[in-house]
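Q: Hi! I have a new model open on my screen. Please walk me through it, loops and helices included.

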Amino acid sequence: MTEKSEDGRTVSLAYHGLEELPLRNLGQLETIRHLDLSNNNFSDLRALRGFTGLGTLILDRNNITSHIVFPYLPHLEVLWVNHNKIANLALFIQTISSSFPNLKHFSMMDNEAAPSYFNGGSKHEYLDYRAFVISHLPKLMALDDTVVSEEERRAAIKVYSQITSSGSRGTNRT
């Protein structure tokens, strides 16, 4: 059962075990601003291309991998992909940065590509992960559960612009 707000701008299809979007049941896709697809089985989201006004997309607990293909959604500002199967940070962030150029709030906790204290990652791995993501998403204001400071952004850009200009490609997190 699809849950919609009265104005139709917020739609939740969470906890339905879906593998594909039921586009016919959603109405005018371009008017939807907030879409929650949590706790489903999505691994292909190219069908989101009609959601041109989407600002928030929640994809927690699906089958999202590093190889996912997203459509270009220039208005998306909030993306959650927590608890998925994302293992290659460089590949995934390249896709995210080209698909969602205005992303401001991004969370990918509990994925192999997002090391933290809670999933066995070291402090160095966690800081490297943050720096890599921040350096590739210029409008990012918050990553996971932490605000991005201007000092952190400057340091991330400095580190990853040096690595890129010296011929290395991205982070060692593959």
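A: Happy to! One definition before we start: helices (H or I, at least four residues) and strands (E, at least two) are DSSP runs, numbered from the N terminus. In those terms, Tyr-15 sits in the loop between β2 (10-12) and β3 (34-36). Keep in mind that this is a predicted model.

Q: What's the phi of Tyr-15?

A: Its phi is positive, about 60°, although Tyr-15 is not a glycine. For background, most residues other than glycine have a negative phi.

Q: And is Tyr-15 buried or exposed?

A: Tyr-15 counts as exposed, because its relative accessibility is 64%.

Q: OK, zooming out. In what order do the strands of the sheet run?

A: It's an open sheet of eight strands, ordered β1-β2-β3-β4-β5-β6-β7-β8, and the pairing is mixed. At the edges are β1 (3-4) and β8 (146-147), each of which pairs on one side only.

Q: In what sense do β5 and β6 pair?

A: They're parallel, over three bridges. If you want a spot to look at, Trp-80 stands opposite Ser-107 in β6.

Q: Switching to aromatics: how many aromatic pairs are there?

A: The structure holds four. One of them is Phe-92 with Phe-106, a stacked pair with 6.4 Å centre to centre and 25° between the planes. Phe-92 lies in helix α1 (residues 89-99) and Phe-106 in strand β6 (residues 105-107), so this pair ties together parts that are 14 residues apart in sequence.

Q: What does Phe-92 touch, leaving out residues up to four places away in sequence?

A: Its contacts are Ile-64, Thr-65, Ser-66, Ile-68, Phe-70, Val-81, Ile-86, Phe-106 and Met-108. As for Thr-65, it is 27 residues from Phe-92 along the chain, yet their C-alpha atoms are separated by 7.9 Å.

Q: Back to the helix. Which residues are buried in α1?

A: Those are Leu-89, Phe-92, Ile-93, Thr-95, Ile-96 and Ser-99. They lie on the same side of α1, because they cover an arc of only 155° around the axis. In general, an α-helix has 3.6 residues a turn, so residues three or four places apart point the same way.

Q: What covers the buried residues of α1?

A: The cover includes β5 (78-80), β6 and α2 (123-136).

Q: Which residue caps the N-terminal end of α1?

A: Asn-88 does, with a side-chain oxygen 3.2 Å from the backbone nitrogen of Ala-90.

Q: Last topic. Which residues of the largest nonpolar core touch the most other members?

A: The core has 46 residues, and the ones touching the most other members are Leu-37, Leu-79, Phe-92, Phe-106 and Met-108.

Key: Residues numbered from 1 in each chain as written. Predicted model: local features only at pLDDT ≥ 70, side-chain atom pairs only at ≥ 80, totals over all residues. Heavy atoms only, no water. Phe/Tyr/Trp six-rings, centres within 6.5 Å; stacked < 30°, edge-to-face > 60°. Buried < 20%, exposed > 50% of the residue type's maximum accessible area, 1.4 Å probe, protein only. Arc of directions from axis to C-beta. Contact = heavy atoms within 4.5 Å. Polar contact = N/O pair within 3.5 Å; in protein donor to acceptor, adjacent residues only side chain to side chain. Core = buried A, V, L, I, M, F, W, Y, C linked by side-chain atoms within 4.5 Å. Pairing = 2+ DSSP bridges.
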